[in-house]
Amino acid sequence: MTWSPYYVGDGKPRNVDLGDPPPWRSFPRKPRHEQFQPSEGLVEAVNAALALRRPLLVTGAPGSGKSTVIEQVAAELRLGEVLRWHITSRSTLLDALYRYDALGRIHAQRLEGAAGSDDIAPFLQLGPLGTALLPAKRPRALLVDEIDKSDLDLPSDLLEVLERGEFEIPELARYRHDVVHVREWDSESQHPVVKGRVRCDSFPFIVMTSNGERDFPAAFLRRCIRYTMPMPTAESLRRVVAAHLQIDEERSDAVDALVEGFVERLAAGQSLAVDQLLNAVHLLTGAAATDGEATQDVIELILSELSGA
């Protein structure tokens, strides 16, 4: 088959079978914890973080699997659904702890009049970090993704909360009722908060990822277990490919050549992600596999260097 399985470019409508997507692009998304292949030393770093009740700071290139390790840990240790806090330059600690819709509450009070309810609970929701710090029999798993994208002050702002494992909601500390049931981040479940203070009794398993684009304060680093993802080898990449895709024997030599070429590009300093390799292998071996001259063109399209984007 040549590289024209779907779109031809002639503008003529036709019914086309798009086939099955790659396993990692099937929706709704399913956890891929069984396919994750931990790199050397990562298991020890995870266990150290679990034993010491410290966050794990994982640094590595984009697409190196930094954010996937927490799914495997949560599945193996039955820590429940992973809570996720995706960091941007606008992220604040307050957003991660809780959100209070003050305007919504004022509007509701005006509509209901003097005899209306003054219940504050419908206008409060815990954030991902706030939910992770709720008292629980089993610790929750929290991913703080790309913390190096944050404002310069955010890592320092986190120190007090991560050290003490608790925080205050001022709006509830001043509220007339001592106990208020507040919604969790990832469900409609409500949890009682007493006198505005949330205290964990089992410190969550926290994985923070970084692309290595900035340095962090020493006070922040000393409170973390740190791990740097190693440069992939041909053997480690073969294991990753085998965990995600079924490779026909007739295509195995072509896949090996692709893996070897990928490693050579990394060694030459090119910025590439492992998921790019998986995409290229899928196109090389799947139902829409290319033949002849189109093959190399498509592979080069998929393996475009990230730093040149």
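Glu213 and Lys149 pair up in a salt bridge (a side-chain nitrogen of Lys or Arg within 4 Å of a carboxyl oxygen of Asp or Glu), with the closest N and O atoms 3.5 Å apart. Glu213 sits in the loop between β10 (205-210) and α8 (218-221) and Lys149 in the loop between β5 (141-145) and α6, so the pair ties together parts that are 64 residues apart in sequence. Helices here are DSSP runs of H or I with at least four residues, strands are runs of E with at least two, and both are numbered from the N terminus. This is a predicted model, in which local features need pLDDT of at least 70 and side-chain atom pairs count only at pLDDT 80 or more, while totals for chains, interfaces and linings use all residues. Residues are numbered from 1 along each chain as its sequence is written, and side-chain values use heavy atoms, with hydrogens and water left out.

Glu213 counts as exposed at 52% relative accessible area, whereas Lys149 is partly exposed at 29%. The cut-offs are under 20% for buried and over 50% for exposed, with partly exposed in between (1.4 Å probe, protein chains only).

The structure holds 16 salt bridges. In one of them, Arg197 meets Glu166, with the closest N and O atoms 2.8 Å apart. That pair links distant parts of the chain, as Arg197 is in strand β9 (residues 197-199) and Glu166 in strand β6 (residues 166-168), 31 residues apart. Arg197 is partly exposed at 25% relative accessibility, but Glu166 is buried at 16%. Through shared partners, salt bridges join Glu160, Arg164, Glu166, Glu168, Arg197 and Arg199 into one network. Another bridge runs between Arg14 and Asp10, whose closest N and O atoms are 2.9 Å apart.

Turning to the inside, the largest nonpolar core has 39 residues, and Trp85, Leu129 and Phe220 have the most contacts within it. Such a core is a set of buried Ala, Val, Leu, Ile, Met, Phe, Trp, Tyr and Cys residues joined through side-chain atoms within 4.5 Å. Helix α6 (residues 154-164) gives the most to this core, with 5 residues. Apart from it lies another core of 21 residues, including Val255, Leu258, Phe262 and Leu266. Not counting residues up to four places away in sequence, Leu129 is in contact (heavy atoms within 4.5 Å) with Trp85, Leu93, Ala96, Leu97, Leu142, Leu158 and Val161.

Gln35, in the segment before α1 (42-52), is buried at 16% relative accessibility. Leaving aside neighbours within four places in sequence, Gln35 touches Ala243 and His244.
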